[in-house]
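Have a look at the picture, then follow the questions.

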Amino acid sequence: MFKRSFSQHSSTTSIFMKLISDFMKPHRGLGSCSFFTSRAASYLQNACEATFDSERSEDEYADVEWDKLSFGLVETDYMYIMKCSQDDEFSHGHLNKYGNIELSPSAGVLNYAQGLFEGMKAYRKVNGNGFLIFRPEENARRMQMGSDRMCMPSPSVEQFVHAVKQTVLANKRWVPPAGKGALYVRPLLMGSGPVLGLAPASEYMFLVYAAPVGNYFKEGLAPINLVIQEENHRSTPGGTGAVKTIANYSPVLKAQMQAKKKGFTDVLFVDSVENKYLEEASCCNIFIRKNNVISTPITGGTILQGITRGSIIEIARELGYQVEERLVSVEDLIDADEVFCTGTAVVVAPVNSITYKGQRYKYNCGEDVVSRKLYRSLTDIQMGLVEDKKGWTVQID
Ligand SMILES: *Cc1c(COP(=O)(O)O)cnc(C)c1O
């Protein structure tokens with residue numbers, strides 16, 4: 001952060017900054033803040049930050065080409081960290097400078113994938129007054145559910161939402177201008193303590209970082225092409241498919257890479273028992289529409305219960321569609337009028353084609369598709385363009 005800002009300062013300030021920056025360099029392990037234990041050092045740091053703040057106007061933006069944003073990592077200024085031991089509760093989290101964290105080689109998360117993640121977006125309000133996040137309590141509750149499955153202590157809903165708000169505010173210059181994207185917020189919960197034999201870790205870390213993002217798929221808002229994956233399954237009955245555990249995601253990479261190599265956007269997984277009921281894509285839920293009926297696979301423990309999925313079900317019902325959560329077979333899919341995917345990252349993505357056993361099935365993707373209406377209704381609420389009658393959004397300012 002210090003280095004990035006050199007050019008904005010007078011040469012005297014720059015030299016001063018360079019001194020401090022060099023002084024800090026070897027110690028950037030766990031966020032540079034933690035190093036500043038002596039009073040003098042902390043005085044220097046505070047003086048430094050004060051310099052930044054006074055020179056930076058309230059609505060200054062980070063140096064980002066907002067029109068070129070994709071869904072990639074852009075490092076921001078701060079992250080939030082809170083720790084606790086195995087039988088304790090989380091307390092006293094705080095913001096740190098964004099940077100590498102230090103972990104024991106035998107940390108539970110590194111050896112046994114004892115970890116969870118969440119994902120949410122903060123939008124800048126059109127009138128420029130503050131930011132909106134969407135149903136953060138739902139993410140907090142999902143993390144609590146997951147932490148139970150993964151034998152980890154979890155932050156309370158209040159702690160989770162507080163940490164997310166703090167992270168957004170501390171990185172507010174990285175929230176894209178209205179209409180250009182969002183600040184993607186990524187909470188992590190991990191077994192950070194050392195462990196050798198398979199067992200829960202002795203210490204846990206809750207960490208929240210953020211990055212500005214544009215569209216998830218390289219297609220942008222254009223319809224996507226999926227391929228049904230029959231050899232690999234992302235989830236099994238009794239497994240962890242319904243939990244946002246980090247353990248579920250790298251096993252998906254191989255199928256995803258193969259699909260991408262063949263020109264598909266993503267894979268669509270089917271159930272591991274009968275190989276015929278739709279589950280979801282690698283990071284989003286799936287819906288099909290036939291006439292006035294919208295159907296989505298029922299979440300029976302093998303599918304991630306998306307917050308976008310739940311919101312779209314409610315919105316679609318209000319718009320007059322009949323929505324069914326049920327077993328959705330590949331035949332139902334082939335017979336559908338329209339198909340779309342939902343998730344925080346992808347929002348509502350229309351599906352152009354599905355490929356199954358080498359056969360390609362095309363779907364209506366015109367201006368008149370229902371998924372467009374749903375996309376609009378949802379994002380209008382998320383971005384604060386319409387009144388939020390459901391109380392789904394949380395304002396941060
Ligand atoms: C995160 C995720 C989703 C979408 O969940 P949202 O709460 O809508 O963001 C769907 N499927 C998988 C596998 C996911 O990891």
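Predicted model: local features only at pLDDT ≥ 70, side-chain atom pairs only at ≥ 80, totals over all residues.

**Why do we call it that?**

Q: What about Tyr-249, why does Tyr-249 count as buried?

A: Its relative accessibility is 18%. The cut-off is under 20%, so Tyr-249 counts as buried too.

Q: How many aromatic pairs are there, and what makes Phe-117 and Tyr-249 one of them?

A: The structure holds 8 aromatic pairs. The rings of Phe-117 and Tyr-249 are 4.9 Å apart, centre to centre, and rings pair if their centres lie within 6.5 Å. The planes are at 75° to each other, and angles over 60 degrees count as edge-to-face, so this pair is edge-to-face.

Q: How do you know that this pair links distant parts of the chain?

A: Look at where the partners sit. Phe-117 is in strand β3 (residues 115–117), while Tyr-249 is in the loop between β8 (224–229) and α6 (253–261), and the two are 132 residues apart.

Q: Why is the pair of Phe-160 and Phe-206 called tilted?

A: Their ring centres are 5.8 Å apart and the planes make an angle of 40°. Under 30 degrees would be stacked and over 60 edge-to-face, with the rest called tilted, so tilted is the word for Phe-160 and Phe-206. This pair also links distant parts of the chain: Phe-160 is in helix α5 (residues 157–170) and Phe-206 in strand β7 (residues 203–213), 46 residues apart.

Q: Are Phe-160 and Phe-206 buried or exposed?

A: Phe-160 has 0% relative accessibility, and Phe-206 has 0% as well. Buried means under 20%, so both count as buried. Ring pairs also link these two with Phe-90 into a cluster.

Q: What makes us say that the charged end of Arg-234 sits over the ring of Tyr-249?

A: Part of the answer is distance: the charged end of Arg-234 is 5.7 Å from the ring centre of Tyr-249, and the limit is within 6 Å. The charge must also be within 35 degrees of the ring normal.

Q: Which residues are closest to the ligand?

A: 15 residues surround the ligand, and the closest are Lys-244, Tyr-249, Glu-280, Thr-308 and Thr-344.

Q: Why is Leu-385 called partly exposed?

A: Leu-385 has 45% relative accessibility. Buried is under 20% and exposed over 50%, so Leu-385 falls in between. You'll find Leu-385 in the loop between α9 (370–382) and β17 (393–396).

Q: And why is Ser-272 partly exposed?

A: At 26% relative accessibility, Ser-272 also lies between the cut-offs of 20% and 50%, so the label is partly exposed.

Note on methods. Residues numbered from 1 in each chain as written. Heavy atoms only, no water. Phe/Tyr/Trp six-rings, centres within 6.5 Å; stacked < 30°, edge-to-face > 60°. Helix = DSSP H or I, 4+ residues; strand = E, 2+ residues; numbered from the N terminus. Buried < 20%, exposed > 50% of the residue type's maximum accessible area, 1.4 Å probe, protein only. Near = heavy atom within 4 Å.
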